[in-house]
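Here is a short briefing to read beside the structure.

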Amino acid sequence: MKSRFLIRSVLILVLIALSGGLFAQTSGIDTGSLNRVAPAASMGSLAETKYDIEFRQAPLRAALQFLSWIGGAKIIMPEGVTGTVTIIFKNIAVREAITSIVKANNLEFTVEGNVVRVGGREAFKESGEDLQ
């Protein structure tokens, strides 16, 4: 129970830091939780580790930044990536969670080592890059 509280506290602090004061703008909204399930590796050092992940009305950018951080990867997104995320995943790898969230928001991504680049399909199509 202590580890669940600790993980939830870290999630909240990271979301606040990544969104530049999320709760000051949307007071009273619980933006989610994260519970580690089982270890593995790839993409970043922990991209295949399984988690229970829940976001409630979390900013899309902050959710993707948080997931890439948990997965041990860096993330690059254009300024135009906006929206909110409300999801509940059970026993899912960080890479799968990123894929699902990106696709649900009509975006694409590619992985270069431990860097995830997110953007619109057109941007990747123009450069002829391999999409995930």
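A nonpolar core is a set of buried Ala, Val, Leu, Ile, Met, Phe, Trp, Tyr and Cys residues joined through side-chain atoms within 4.5 Å. Buried means under 20% relative accessible area. The model is predicted. Its largest nonpolar core holds 27 residues.

**The core**

- Six residues touch the most other members of this core: Ile-53, Phe-55, Leu-64, Leu-67, Ile-101 and Val-118.
- Two or more core residues come from each of strand E2 (50–59), helix H3 (60–70), strand E4 (84–93), helix H4 (94–104) and strand E6 (115–119).
- Helix H3 gives the most, with six residues.
- Leu-64 touches Ile-75, Met-77, Ile-98, Ile-101 and Val-102, leaving aside residues up to four places away in sequence.

**Phe-55**

- Phe-55 sits in strand E2.
- Its relative accessibility is 1%, so Phe-55 counts as buried.
- Phe-55 and Ile-87 are 32 residues apart along the chain, yet their C-alpha atoms are separated by 5.3 Å.

**Helices H3 and H4**

- The axes of H3 and H4 come within 9 Å and cross at roughly 160°.
- Angles over 145 degrees count as roughly antiparallel, and H3 and H4 are therefore roughly antiparallel to each other.
- Their crossing is left-handed.
- On the H3 side, the contact is made by Leu-60, Leu-64, Leu-67, Ser-68 and Ile-70.
- On the H4 side, Val-94, Ala-97, Ile-98, Ile-101 and Val-102 take part.
- The contact of H3 with H4 has nine nonpolar residues, one polar residue and no charged residues.

**Positive phi angles**

- Most residues other than glycine have a negative phi.
- Gln-57 is not a glycine, but has a positive phi of about 55°.
- Gln-57 lies in strand E2.
- With a relative accessible area of 47%, Gln-57 is partly exposed.
- Asn-91 also has a positive phi, near 50°, and is a residue other than glycine.
- Asn-91 belongs to strand E4.
- At 43% relative accessibility, Asn-91 counts as partly exposed.

Methods. Residues numbered from 1 in each chain as written. Predicted model: local features only at pLDDT ≥ 70, side-chain atom pairs only at ≥ 80, totals over all residues. Heavy atoms only, no water. Buried < 20%, exposed > 50% of the residue type's maximum accessible area, 1.4 Å probe, protein only. Helix = DSSP H or I, 4+ residues; strand = E, 2+ residues; numbered from the N terminus. Contact = heavy atoms within 4.5 Å. Axes fitted to C-alpha atoms, helices over the stretch in contact; angles between N-to-C directions. Parallel < 35°, antiparallel > 145°, perpendicular 65-115°, else oblique. Left-handed = near helix turned anticlockwise from the far one by under 90°. Nonpolar A, V, L, I, M, F, W, Y, C, P; charged D, E, K, R; others polar.
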